[in-house]
Each structure stands twice: as C-alpha cells, then as structure tokens.
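Trainee: Could you walk me through reading charged pairs and buried positions in a model like this one?

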Amino acid sequence: MLSQKKKPLTHSAMQTYRRCARQYDYKYNRRLSRTSDSKALRMGAAIHKGIELKRLDDKNGVVRDRQEYIDAATDGIEDAFEAAVVATLLAGYFWRYQEENLIPLEVESVFEMPLVNPDTGTASRTFTLMGKCDEYAEILDREYLVERKTTSEDISEGSQYWQRLRIDPQISLYYLAARQRGLNPASIVYDVIRKPTIQPRQIPELDADGLKIVTDAAGERVYKKDGTPRQSAGEGMTLLSRLETPEEYAERLWDDILERPDFYFARREIPRLESDLEEFQFEVWQTGQLIMASDRAGMFPRHVGRHCDWCEFADLCMQGIRPEPGTTPPAGYEFREALHPELKMEVESNG
C-alpha cells in the first residue's frame, strides 16, 4: 500500500512516544515485545475479533449463529475463566445490540495519508500516517466512523472516560483520514465494552442433601445440638468452600449483564470541530519532528511515572538493557517481524 518508502506513523506509535520516548525506542526501533500478551490485551483482541467477524458478515449479508463468532473469539484462549469473560461479554453485546441500527459500509479499513507540515503544506519525507478504522457505518441516512474499545474504566455518562475522548488525538486522525478518502462522517461513534469487576469467588461446598459443610480444627464435621449440620462457621471452625467453575462464574456474570447492561455497554457520539482538527495537525507534525530528533540523536529519555508499573519493558529499562535487533533477545522477549501487526500486509509490501 505504501507508495514510497516512508516510515508508518500510527496513533499507537505516537501515543507511545508521548507517554515515554524510551518505551517507543524499545517497541518501534528495537522491535521488542513480550513473548506473551497480557491478559488485558488478549481479552480485548478476542472481543474485537468476535465483533469484527459479525460485522463483516452483516456487511456481506451473511447470517450465522452468533455462537460461531463467540467460538472463533475464544479459540486458543487457554485460561477457562478468561474465555468465560470473553464469551459472556460477546453474548451480552450481541444481546444488547440485537436490534442493530448501525449499517456497516466498511469494516477494518486501512488508511494512509501524508503527514503534512501545517505551516508550509508540504508532506513529510520521513513519515506517512497510517491506521485502521474499525468501521464506517450508516445510521438513519447519515454516515459515521465507529471505533470499538474494551476498558476497565467507568463508562457511565459524565465519567472521565468520555471527557478525555473530547481531546483524544486518535479521533481527529480518523476524521482527517476519512476526509482524505473522500468520506464525510457526521461524527464518530465510540462503542465501548467494560470488563467485569466481579471476579471468580469461593462458594460453599455442599453435601448430598445440599447442605453446607462446617468442620472443626480436627477436620470433623460440626453439628448443632439438635443433630443437624451446622451451616455457619464459629470460632475455630471452617466453612468448606471451593472456587466456582468457569461455567458458574459465566452464569453469574450473565445475570449481572442482564441486570445492569449500561454498566457494561455504552455508545456515544464524539464530535470534532474544525478548530480541533487544525490543532491536531500541528500536534501530529510536532510529534513527528520530536521522533525524528530522538532518532537522529539516538536519545530516548525515560518518562518515569505510574505507567512504569505496567510497561512491558520496565524490567529492561530499569536495568539499562537495550538489546539490538539481530542479537539474542532477553528472556521473555522477542524481536517482532512486523512493527504494526494490524497493518502487516500493507506495510510489508513496502519491503
């Protein structure tokens, strides 16, 4: 897809650089990544896959049992509880939007556009802006960009999550990319799925009669004076319990989704003014210039903060380890073949 040999600059790459230049260096210059994704990333990718498959079929007029999308999304997830969360959230999503009013026009469309100097109007000779939009859809004869996310944050109306999106640069990038392709979206619809806060729990073990089992310090079952089994533990006693099964947990999560769907699913329009888009063009150009300056100097300063707690490169960074591509990667890491996996086919065609 790339017409010239320019470096793809994606929202994720820019976001990483703004968060920490050293993290950018590890990820995009040294091509390092963990050998296994975090649970949060795996779950988000699986849910996205299930919805993407469904929306592609919707676009092409193909009707399948929704369980097929759930099965495809959970295929390969080894942890049974993780699979239960993905399956139940997808089932809840399909239930919540069973009367879907988003008519898909495009699904998972890759875009490329010049990175333009807003002062001179000339295109960067180093970077080209690239990305992938989840969906372009029609609602009541108006066209919208659609972006889907999974999050652990509060997504109720008025929460910080929605307030931050008002200035999120990814949205501005997608607006400009759509216009570059001759599209004219009325707005962008953010389609968000919240991960559950309820976790697998211990539940009492029951005997053949369905009664709880309480034991004393010697492990003997405790009975009341009337000879019936005690149903609560007193001092020195233990109420026998077990971890609920993935099936039991999924059933409890499903009940919670039915009881409070707005906790788990939300859609909001995020508008953009022309002034927002103009400001973004200056920001993205400046980000490109900063990355180029770091590349030329070979200097990528650390930005130390709470984000270090979940940075995938924290172990290396704190020890000052900066492995070069082509060498043996540190334990737990690998060198990626594709800088942008979501754009792999398009970028690889550039050589």
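Mentor: Start with arginine 55 and glutamate 135: both are buried, where buried means under 20% relative accessible area, exposed over 50%, and partly exposed in between (1.4 Å probe, protein chains only). This is a predicted model, in which local features need pLDDT of at least 70 and side-chain atom pairs count only at pLDDT 80 or more, while totals for chains, interfaces and linings use all residues. Residues are numbered from 1 along each chain as its sequence is written, and side-chain values use heavy atoms, leaving out hydrogens and water.

Trainee: What do the side chains of arginine 55 and glutamate 135 form?

Mentor: The general idea is a salt bridge, meaning a side-chain nitrogen of Lys or Arg within 4 Å of a carboxyl oxygen of Asp or Glu. Here arginine 55 and glutamate 135 form one at 2.5 Å, N to O. The pair links distant parts of the chain, with arginine 55 in helix 3 (residues 39-60) and glutamate 135 in strand 4 (residues 123-139), 80 residues apart. Helices (H or I, at least four residues) and strands (E, at least two) are DSSP runs, numbered from the N terminus.

Trainee: Which residues are linked with them in a network of salt bridges?

Mentor: The network joins Lys54, Arg55, Asp58, Glu100, Glu135, Arg148, Asp191 and Arg267. A search of the whole structure gives 27 salt bridges.

Trainee: Where do arginine 166 and aspartate 276 lie?

Mentor: Their side chains meet in a salt bridge of 3.1 Å, N to O. Arginine 166 sits in the loop between helix 6 (160-165) and helix 7, and aspartate 276 in helix 10 (residues 274-297), so the pair ties together parts 110 residues apart in sequence. Arginine 166 is partly exposed because its relative accessible area is 34%, whereas aspartate 276, at 17%, counts as buried.

Trainee: How close are the N and O atoms of aspartate 256 and arginine 260?

Mentor: The closest N and O atoms in that salt bridge are 2.9 Å apart. Aspartate 256 is buried at 13% relative accessible area, and arginine 260 is partly exposed at 31%.

Trainee: How many residues of helix 7 are buried?

Mentor: Helix 7 is mostly covered, with 9 of its 12 residues buried; among them are Gln170, Leu173 and Tyr174. Helix 7 (residues 169-180) reaches 17 Å from its first C-alpha to its last, close to the 16 Å expected, a span taken as 1.5 Å times one less than the number of residues.
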